[in-house]
Structure formats: C-alpha cells, structure tokens
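Trainee: Please take me through one part of this model in close detail. Then connect it to whatever else you can.

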Amino acid sequence: MTLPDSLAGTTVAVLGGTGPQGRGLARRFAAAGLPVVIGSRSAERAAEAAAALASDVGGTVTGADNAGAASAGDIVVVAVPWDGHGDLLKSLASELAGKVVVDCVNPLGFDKQGAYALHVEEGSAAQQAEALLPDSTVVGAFHNVSAVLLEDPAVESVDTDVLVLGDVREATDLVQDLCTTIPGVRGIYGGRLRNAHQVEAFTANLISINRRYKAHSGLRVTDV
C-alpha cells in the first residue's frame, strides 16, 4: 500500500511490543512499510521478536529496550500492561518529549463475572499518560482492536474502526492516518482526551461479547 504523506519518513516504536497487542500492531505497521522499533523490558527479547517479525513480513523492524525504542520512534505507541503503565511512562518522560505518544492501554480488572473497568485517578490511562508526559502530545487510540486479528497473518483485512482521541488536531489527524495503514481499519475522531475513559472501558463490553459469541468483535461507526 501507499503510505499517507503525513507518515513519510516516520518510525513507529511500540512499547510493550512483545505482548499480544503490541506484537499485532507492530506486525501491521511493518507490513504497511513503516519502519518499526519493538520495545520491551528486555532488549534481547525485543530483538528476537523484531527478527521474527522482519523474517515474516519483511520491512525494517528492530528491537530495543523500552527506553531505546522510545528514543528511536517518531510516533510511540504504548501497549504495556496497565499495572506498569504509570511507572514506565514516568521513567521515559525525557525520551518521549516532543513526540506523539499513542496510548492504547485499557485499565481493566477480571473476576468470576468477567472483565470490568478500573477506576483511574486521572480519569483514564490516556489522561494519566498526559499528566506524566507534559512535553509530549498524547493521543488515545487502538483500544478496541482485537489482538488476535492483528496477529493473525491469515487475516488480510481487520474489519473495525478505531476511535482516536486527543486535544491537538494535527496529532489526531496523524494517528487517524496511522490507523489507515492497517487494511480494513478507519481512524475516527472520537473527541477530546477527557473522553478516553469510556473508550477504554468499552473494551470490557467487547470481551463480554467475545466470550458469549466466541468472536473477535470490533467497533463500527455508522453514517461517517
């Protein structure tokens, strides 16, 4: 595919790139022709994942520890577990300064009744990122996309929309363009970052749908 002009020369780093969501997004971005840096707590593990992905889809894929990946990326996607979200971003504030940071973390808990949204003091994971990264431009996106579909090489088109939330128009436009690099996906502006909490929480509903219907459900916005 032809990349949008806005992404020309852009390297995408994925923090937590060895987890399911991070691996899936890295796969799709690399397949689209974007240079990708996979970040992990372990640089060795990141390098192994990058080598495997480059062998599978081609393109320029490298691995580094999360700090190295944060430094290398022009757009940095945060796909780490919620438990380590705050501590990691606080430690990377200098590496992420001046960059567009795309937070796709869902603060969820699980019990016998299934998934449920957790209370976040700042309002949402994306708002927590904004508070911890005062010199970065934080955008919320990719919260509701199935990692199973992203990772499956047999799935040529991922049938879903991605709600993109943020307070800087140029940044949300850029991330909407990033969404379109995944076949089948549209990036839809979903409001200011203060509205990210309900998008993050909606993942709990999708998990319930998936369990009931044995599916990998996504979201489509009508009449847009």
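Mentor: Leucine 165 stands opposite glycine 191 in S10. That position belongs to a parallel pairing: 6 bridges join strand S9 (residues 160–165) to strand S10 (residues 185–191). Two strands pair here if DSSP finds at least two bridges between them. Strands (E, at least two residues) and helices (H or I, at least four) are DSSP runs, numbered from the N terminus. From S9 the chain crosses through helix H7 (residues 169–180) to S10, and this β-α-β crossover is right-handed. Right-handed means that, with the strands pointing away from the viewer, the path from the first strand over the helix to the second runs clockwise.

A word on the basis. This is a predicted model, where local features need pLDDT of at least 70, side-chain atom pairs count only at pLDDT 80 or more, and totals for chains, interfaces and linings use all residues. Residues are numbered from 1 along each chain as its sequence is written, and side-chain values use heavy atoms, with hydrogens and water left out.

Cysteine 104 is in none; its nearest cysteine sulfur, that of cysteine 179, is 11 Å away. Cysteine 179 is buried, with a relative accessible area of 0%. Cysteine 104 is buried too, at 6%. Buried means under 20% relative accessible area (1.4 Å probe, protein chains only), exposed over 50%, and partly exposed in between.

Next, threonine 203. Its place is in helix H8 (residues 196–213). Threonine 203 is buried, with a relative accessible area of 10%. Its side chain makes a polar contact of 3.2 Å with the side chain of asparagine 106. It also reaches the backbone oxygen of histidine 143 at 3.2 Å. A polar contact is a pair of N or O atoms within 3.5 Å; within protein, one must be able to donate a hydrogen and the other to accept it, and residues adjacent in sequence count only if both atoms are side-chain atoms. Leaving out residues up to four places away in sequence, threonine 203 touches Asn106, Leu108, His143 and Asn144 (heavy atoms within 4.5 Å).

Last, helix H1. H1 (residues 20–31) has 12 residues. Of these, 9 are buried, so H1 is largely enclosed by the rest of the structure. Among them are Gln21, Arg27, Arg28 and Phe29. Just after H1, glycine 33 takes a positive phi of about 100°.

Methods:
Expected span 1.5 Å × (residues − 1). Disulfide = S-S within 2.5 Å.
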